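The points are grouped by topic.

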Amino acid sequence: MYQNSTEIFQMMPFIIIGAGILLSIAVEMSIKKSELILPWFSILIFAVSAVISIAGIQQESVLFGGMIAAGGKAAIFNFIFNVGAALVVLNSVDYIKKYGTYYGEYYILVQSSVLGMMMMSGAKDIIMIFMGLELMSICFYVLAGINRKKFSANEASMKYFLLGAFATGFVIYGIALIYGTSATTKIDDIISGFNRLITNPLFVAGFIFLLIGFSFKIAAFPFHMWVPDVYQGSATTVTGLMSTTGKTAAFSVFIIILAAIFSTHSINKFTPYFAAIASLSMLYGSIVAISQDNVKRMLAYSSIAHAGYMAIGLAAGNISSESGIIFYLAAYTFMNIGAFGIVSIIEGENDTQLGISSYAGLGNRNPVLAAFMALFMFALAGIPPLAGFFGKYYVFIGAIEGGLTWLAVIGVISSVISVYFYLRVVVYMYFREPQEEIKIYSDNLSLSAVVVSGLLVIIFGLFPDTLLNLITSALIR
Amino acid sequence: MTSIPMEYYLVLSGFMFSVGIVGVLIRRNAIVVFMSIELMLNSANLTLVTFSSYLGNVTGQVFVFFVMTVAAAEAAVGLAIIIAIFRNKLTVDIDKINIFKW
Amino acid sequence: MVTNYIPIFLVLLAASIFGAAVVFSSRIFGPLRPNKVKIMPYESGKDPIGTTNERISIKYYLVAMLFIVFDIEVIYVYPWAVEFKKLFAQYGLFAFVPMFIFLVVLELGFVYIFMKGGLRWD
């Protein structure tokens, strides 16, 4: 069945993560001290899987009987997921002790959610998209409420669950209508018949349901209401995972479906939809974030705004904006994981020290931490020459090429607004005296995760062209 | 005996889906909201089976298996979350579960 | 078209008439002489204590939740079993392998629950 050695090689990430999950379950149930093993084991399998994925970027092959594609853009997405999850796990080791009781399931769920994301980003069949989405989402529902004794975690978990399952309902109904009108679940077949199908109102309805369902998952404006509460209530490391790799996975589905449509059909029929959610999310996220004093909640609103910037690329729908989105997603993943990593270091026991006042005077007390926080805030605000700037730049360029200059202008305006609340954190760190006694727990593992994310953000900022060319060549192939 | 036209099933499933949406939006008990979501999933299942049967294409029915499995997993997780909330707060009214405000 | 449904309506009508007749005939024809003991719920037995809408701790909710998950997995075994003769003729003993892997993964989950004490009853 699989004579080709490339195919076996490209299957390895899935097999490694899948076998890793089973092995982790066996370890968790048989060894009492699993907290000493599981994080390192998770990091190991994520690292191996990331390396194998990125090594196979040159060749694209279809695996598992036409279900999953590997290599190409899927390789880039797999790299983002695995490295992001590895950083989050590194960040979690000490944070979990502070946050509450240790549950071994934490690491198993992180691994399973990464498997789900990999299934989504490589999907060649709508069934795979659905299974991957659900594997990821169900793990996230549990992760959000992993500390079941804490009411804030319970609330976050339930809000996420109810609204996430609601979105799932839309996705599955949309998929059902798409299947019914196109008589196939293969994405390639649906795309090739797209011009014929788009005249069928049922197909259009199904497609819109699918778009709405995934708009929930990327946290775009009219479907954002769960984001602030869930991001604030969940454990900070989990929020880091959900807001970055989860968003990337949802965007990867948009890209694999829409990119194929754009490449075969010159007119983008979904521009109005994406332009609307992009402009509204950008403005809403940026404006509401100004009034937030809780840093976690501020980052949640900023994540809505970032979903808006990325959706500009979907509205423009050309190759340069697609590769811009992927670059943006990679940059956003690492800068946000870094920012949440610092938030998790500063955070005290029982959800304390999350307010912006806890950051006052950090520049004197802990210069390293403050410097990295400033780096991530500048990157998120999109100040050159950091990764965030080039992410926005490429997406805006794509929008102008696609004739959506007004959308790029709104993007620039909301970036300018967003500079205010990002820099506010920096101002607090360097120019305000601390009001209260802040105890920062020494946490070398989290710090190393932050340093790695920071280095990635700087590298992406220094060599954006190389990376963009890599992404573009993977997209065109 | 003439067979029932496909539109009837689609209208029924569309109706079920709408009932589910309305239930999610207006009900305040977490378990009832969850049941409404299950209704949405099941209306999608009905659509899939209908299309599968009328197209003579078995993929839709296979898909229904997966949807049912996912719905079961979701049900288990959802009930666990609701039980965790009930243990802490002794309520499942989603209006009373609102410690977060902006 | 509509004529096809006439038997269903007839059955519905007959069923409701029969149900109504059974429920109300005893009210109409039977003698009605209530006294204190007779109108008690559970006419013969102990006096009722407390209210009826009391919360009862359902100890087996965990088992029920696990049941939902494990019960549904059987739908994957059925199609395999139905097609097994064909699969066996085509692949030989390899026909067992996919289902074996599936069941091993499933049983690992079950063993996990068992080891974690999810089935302990107290």
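In this predicted model, helix H20 of chain A comprises 13 residues, 464-476.

- A:Pro464, A:Ile471 and A:Ala474 are the buried residues of H20(A).
- These residues lie on the same side of H20(A), because they cover an arc of only 105 degrees around the axis.
- The other side of H20(A) carries the exposed residues A:Asp465, A:Thr466, A:Asn469 and A:Ile476.
- The packing partners of the buried residues of H20(A) are helix H3 (73-99), H14, helix H17 (387-401) and helix H19 (444-462) of chain A.

**A:Phe327 in H14**
- Helix H14 of chain A, residues 319-346, contains A:Phe327.
- A:Phe327 counts as buried because 26 other C-beta atoms lie within 10 Å, the threshold being 20 or more.
- Beyond residues up to four places away in sequence, A:Phe327 touches A:Phe390, A:Gly391, A:Tyr394, A:Leu467, A:Leu468 and A:Ile471.
- Between A:Phe327 and A:Phe463 the sequence separation is 136 residues, while their C-alpha atoms are 12 Å apart in space.

- Chain C has 5 helices and 0 strands, giving the pattern α-α-α-α-α along the sequence.
- Among the 122 residues of chain C, 0% count as buried.
- Contact between the two chains involves 12 residues of chain B and 9 residues of chain C.
- On the side of chain B that touches chain C, 10 residues are nonpolar, 2 are polar and none is charged.

Key. Residues numbered from 1 in each chain as written. Chains lettered and ligands numbered in written order. Predicted model: local features only at pLDDT ≥ 70, side-chain atom pairs only at ≥ 80, totals over all residues. Helix = DSSP H or I, 4+ residues; strand = E, 2+ residues; numbered from the N terminus. Buried ≥ 20, exposed ≤ 12 C-beta atoms within 10 Å, placed from the backbone. Contact = placed C-beta atoms within 7 Å. Nonpolar A, V, L, I, M, F, W, Y, C, P; charged D, E, K, R; others polar. Expected span 1.5 Å × (residues − 1). Arc of directions from axis to C-beta.
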